[in-house]
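Trainee: I would like to learn how to read a model like this one. Could you walk me through it?

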Amino acid sequence: MPSPADTPFARMGGEEGVRALVERFYDAMTELEPALARLHPCDERGYVVRASRDRFALFFIGWLGGPQGYITQHGHPRLRMRHAQVPVDTPMARAWLRCMMHALDAHGVEREVRDFLEARLQDLTMFLRNTGSLEPATG
C-alpha cells in the first residue's frame, strides 16, 4: 500500500471523494480552529473561500496519487516556499492535523489508508514548521 493501481486517491473515492474530504477539512478548520482558518482568505461567515479550497483539493488529489492538475496549473508545489510567509509552529501544526483527522473521521476513511495518511501528514506538518519549538507535532 499504495501501488500505482491502488492509491489513497482511489481508495478515498477518487476526485469526488477527495474534494468532499477537503470540504470537511476546511469546515472543521473554521469550526474547531478559527485562528487557523483566518490565515486563509475567508468569507463573511469565517469559512475559507472556494478558491483556497479548490487549490488545496488539486494539490491533495495529486499528493494522494491522482491526476496532477495542481502541477499543471500552478507548477511544483514547493510547500516550504509557499508557506514561508506564514509562521508555522508546533501548535499550528497540531491544529492543522486536528482538522485533517476530524475530516478523515467524518469521511470514514478505512483504517489501512488512514494509518498510511496519518504518518505521511504528520511528516508533512513537521516538514513545514518554520518557527518556534521543534517538539513533535503529535497530541
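Trainee: What should I know about the model itself?

Mentor: This is a predicted model, where local features need pLDDT of at least 70 and side-chain atom pairs count only at pLDDT 80 or more, while totals for chains, interfaces and linings use all residues. Residues are numbered from 1 along each chain as its sequence is written, and side-chain values use heavy atoms, leaving out hydrogens and water.

Trainee: How many helices and strands does the chain have?

Mentor: There are 8 helices and 0 strands. Of the 139 residues in the chain, 42% are buried.

Trainee: Which span should I expect for a helix?

Mentor: Take 1.5 Å times one less than its number of residues. Helix H4 (residues 50–63) has 14 residues and should span 20 Å, which agrees with the 20 Å between its end C-alpha atoms. H8 has 18 residues and reaches 25 Å from its first C-alpha to its last, close to the expected 26 Å.

Trainee: Which residues of H4 are buried?

Mentor: Among them are Phe 56, Phe 59, Phe 60 and Ile 61. Just after H4, Gly 65 takes a positive phi of about 105°.

Trainee: Which residues touch the most other members of the largest nonpolar core?

Mentor: A nonpolar core is a set of buried Ala, Val, Leu, Ile, Met, Phe, Trp, Tyr and Cys residues joined through side-chain atoms within 4.5 Å. The largest one here has 39 residues, and Met 100 and Leu 121 touch the most other members. Helices H2 (14–32), H3 (34–37), H4, H7 (90–107) and H8 each give two or more residues to this core. H7 gives the most, with 9 residues.

Trainee: What does Met 100 touch?

Mentor: Contact means heavy atoms within 4.5 Å. Leaving aside residues up to four places away in sequence, Met 100 touches Leu 21, Phe 25, Phe 56, Phe 60 and Leu 121. Across the chain, 64% of the contacts with a separation of 6 or more are between residues 24 or more positions apart.

Trainee: And how many salt bridges are there?

Mentor: A salt bridge is a side-chain nitrogen of Lys or Arg within 4 Å of a carboxyl oxygen of Asp or Glu. By this rule the count is 14. One of them joins Arg 19 and Asp 54, with the closest N and O atoms 3.7 Å apart. Arg 19 lies in H2 and Asp 54 in H4, so the pair ties together parts that are 35 residues apart in sequence. Arg 50 and Glu 23 also meet, at 2.7 Å from N to O. This pair links H4 to H2 as well, across 27 residues.

Trainee: Is Arg 19 buried or partly exposed?

Mentor: Arg 19 is partly exposed, because its relative accessibility is 26%. Asp 54 is partly exposed too, at 29%. Both belong to a network of salt bridges that links Glu 15, Arg 19, Glu 23, Asp 27, Arg 50, Arg 53 and Asp 54.

Definitions and conventions:
Helices (H or I, at least four residues) and strands (E, at least two) are DSSP runs, numbered from the N terminus. Buried means under 20% relative accessible area, exposed over 50%, partly exposed in between (1.4 Å probe, protein chains only).
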